[in-house]
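Here is a colleague's note, written for a student who is reading a model of this kind with care. Please keep the sequence and the structure open beside it.

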Amino acid sequence: MSETEQSLKLFVVLSKAYKVVMSEAVKDMQRHGLSATEFAVLELLYHKGRTPLQRIGEQILLTSGSITYTIDKLQGKKLLRRVPCEDDRRVTFAELTPAGKELFDRIFPEHAQAIARITSGLSAEEKRAAVALLKKLGQSVES
């Protein structure tokens, strides 16, 4: 098999694996009444704390319009709040409300177990190797 054919095969297999894994992960997120985007925003705030809205978009690869829509929805559900920056009026932070933290304290361990089940087809060593290889691939594309 030529280098080009191997590259195409890798692309197809990687794409199919991503689709199947994400589909199962999204089912788990939806089980908690959250879209994948809402879950990603809450997870970021849960682990990183108060975050500028612009940085949220960069972290989870969303446009500013999508972030605004998602933040509005989560604020409506009383899971997060907007906090103006005291030093720079152009910056607004998002942070979890107590209800948002309580929700994630409850559902994140369950979600982590769902991800463990989804990826259980690989051994711990295979997971480490896959992480290293995919990180190397991503870094080589970025540079």
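The points below go from the model as a whole to its sheet, its loops and its pocket.

1. **What kind of model this is.** This is a predicted model, in which local features need a pLDDT of at least 70 and side-chain atom pairs count only at pLDDT 80 or more, while totals for chains, interfaces and linings use all residues. Residues are numbered from 1 along each chain as its sequence is written, and side-chain values use heavy atoms, with hydrogens and water left out.

2. **Confidence.** The pLDDT is the predictor's confidence in each residue, on a scale from 0 to 100. Its mean over the chain is 93, and 100% of the residues reach 70 or more. Among the elements, helix 3 (residues 53-60) has the lowest mean, 86, and helix 5 (residues 98-118) has the highest, 96.

3. **Overall build.** The chain holds six helices and three strands, where helices (H or I, at least four residues) and strands (E, at least two) are DSSP runs numbered from the N terminus. Read from the N terminus on, the order of the elements is α-α-β-α-α-β-β-α-α. The C-alpha atoms fill a box of roughly 60 × 35 × 25 Å, taken along the principal axes.

4. Of the 143 residues, 25% count as buried; here buried means under 20% relative accessible area, exposed means over 50%, and partly exposed lies in between (1.4 Å probe, protein chains only). A contact means heavy atoms within 4.5 Å. Among contacts between residues at least 6 apart in sequence, 55% join residues at least 24 apart.

5. In what order do the three strands lie in the open sheet? The order is 1-3-2, and the pairing is antiparallel; two strands pair if DSSP finds at least two bridges between them. Strand 1 and strand 2 are the edge strands, each of which pairs on one side only. Strand 3 (residues 92-96) has four of its five residues buried, so it is largely enclosed by the rest of the structure.

6. **The bridges.** Strand 1 (residues 51-52) is joined to strand 3 by two bridges, and in strand 3 the partner of Thr-51 is Ala-94. Five bridges join strand 2 (residues 80-84) to strand 3; on that side, Leu-80 has Leu-96 as its bridge partner, and Val-83 has Phe-93.

7. Leaving out residues up to four places away in sequence, Thr-51 touches Leu-44, Leu-45, Ile-56, Thr-92, Phe-93 and Ala-94.

8. Thr-97, in the loop between strand 3 and helix 5, counts as buried because its relative accessibility is 10%. Apart from its neighbours within four places in sequence, Thr-97 is in contact with Lys-78, Leu-79, Leu-80 and Arg-81. Lys-78 itself is found in the loop between helix 4 (64-76) and strand 2, and it counts as exposed, at 59% relative accessibility. The phi of Lys-78 is near 65°, a positive value in a residue other than glycine. Ser-35, in the loop between helix 1 and helix 2, is partly exposed, with a relative accessible area of 28%. The C-alpha atoms of Ser-35 and Asp-88 are separated by 31 Å, and the two residues are 53 apart along the chain.

9. **The largest pocket.** On a 1 Å grid over the protein atoms alone, a pocket is an open set of points where a 1.4 Å probe fits, with protein on both sides within 12 Å along at least five of seven lines, and lining residues have an atom within 4 Å of a point. The largest pocket holds about 1,200 Å³ of space; grid points are joined across faces, edges and corners, and the volume is the space filled by probe spheres set on the points. Its lining has 28 residues, of which Tyr-18, Val-21, Met-22, Thr-119 and Leu-134 lie nearest the centre. Helix 1 (3-31), helix 2 (36-48), helix 5 and helix 6 (124-142) are the elements that give two or more residues to this lining, and helix 1 gives the most, with nine.

10. **What lines the pocket.** By class, the lining of the largest pocket has 22 nonpolar, three polar and three charged residues. In this scheme Ala, Val, Leu, Ile, Met, Phe, Trp, Tyr, Cys and Pro count as nonpolar, Asp, Glu, Lys and Arg as charged, and the others, Gly among them, as polar.
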